[in-house]
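Opened the notebook for this one. I'll jot down what I look up as I go.

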Amino acid sequence: MASIDLDKVLDKAFADKTLSEILAAPVSALKGVSDRDGELLQEAFGVKTVADLADLKYVRRAQALAALDTSAK
């Protein structure tokens with residue numbers, strides 16, 4: 001089972017939200033992602049929510065490549 005420290009990855013306003021609410025939230029719910037970053041992601045890739053970002057094919061491809069790199073671990 002996977003786990004994550006939500007305080008480290010979420011903006012404080014989203015720390016007490018359910019997983020469904022977080023996935024439906026704008027990408028600015030992620031710590032370090034500004035509203036402007038969210039606007040640019042939407043313009044470039046059509047990403048509006050955290051779930052959209054997680055499902056973005058370019059993110060998935062990059063994660064797959066990173067998983068192949070055993071030297072980085």
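I started at Ser20, which is exposed with a relative accessible area of 58%; my scale is buried under 20% relative accessible area, exposed over 50% and partly exposed in between, using a 1.4 Å probe and protein chains only. This is a predicted model, so local features need pLDDT of at least 70, side-chain atom pairs count only at pLDDT 80 or more, and totals for chains, interfaces and linings use all residues. Residues are numbered from 1 along each chain as its sequence is written, and side-chain values use heavy atoms, with hydrogens and water left out.

Ser20 sits in helix H2; helices (H or I, at least four residues) and strands (E, at least two) are DSSP runs numbered from the N terminus.

Leu19 is exposed, at 60% relative accessible area. From the C-alpha of Leu19 to that of Asp37 I get 22 Å, for a separation of 18 residues along the chain.

**Overall layout**

I counted five helices and zero strands, which read along the sequence as α-α-α-α-α. The C-alpha atoms fill a box of roughly 35 × 30 × 20 Å along the principal axes. Of the 73 residues, 18% count as buried.

I then looked up contacts, meaning heavy atoms within 4.5 Å. Among those between residues at least 6 apart in sequence, 18% join residues at least 24 apart.

**Confidence**

The average pLDDT (the predictor's confidence in each residue, from 0 to 100) is 93, and 96% of the residues score at least 70. Helix H1 has the lowest confidence, with a mean of 90, and helix H3 (residues 35-45) the highest, at 98.

**Core**

Which residues make up the largest nonpolar core? I noted six: Leu10, Phe14, Ile22, Ala25, Ala29 and Val50. A nonpolar core here is a set of buried Ala, Val, Leu, Ile, Met, Phe, Trp, Tyr and Cys residues joined through side-chain atoms within 4.5 Å. Leaving out neighbours within four places in sequence, Phe14 touches Ile22, Ala25, Pro26 and Ala29.

**Largest pocket**

I put the volume of the largest pocket at about 220 Å³. On a 1 Å grid over the protein atoms alone, a pocket is an open set of points where a 1.4 Å probe fits, with protein on both sides within 12 Å along at least five of seven lines, and lining residues have an atom within 4 Å of a point. Grid points are joined across faces, edges and corners, and the volume is the space filled by probe spheres set on the points.

The lining is Ile4, Leu6, Val9, Leu10, Leu19, Ile22, Leu23, Leu30, Val50, Leu53 and Ala54. Helix H1 (6-9), helix H2 (19-24) and helix H4 (50-55) each give two or more residues to that lining. By class I get eleven nonpolar, no polar and no charged residues; Ala, Val, Leu, Ile, Met, Phe, Trp, Tyr, Cys and Pro count as nonpolar, Asp, Glu, Lys and Arg as charged, and the others, Gly among them, as polar.

I finished on Ala54, in helix H4. Ala54 counts as partly exposed because its relative accessibility is 47%. Its C-alpha lies 20 Å from that of Ala13, 41 residues away along the chain.
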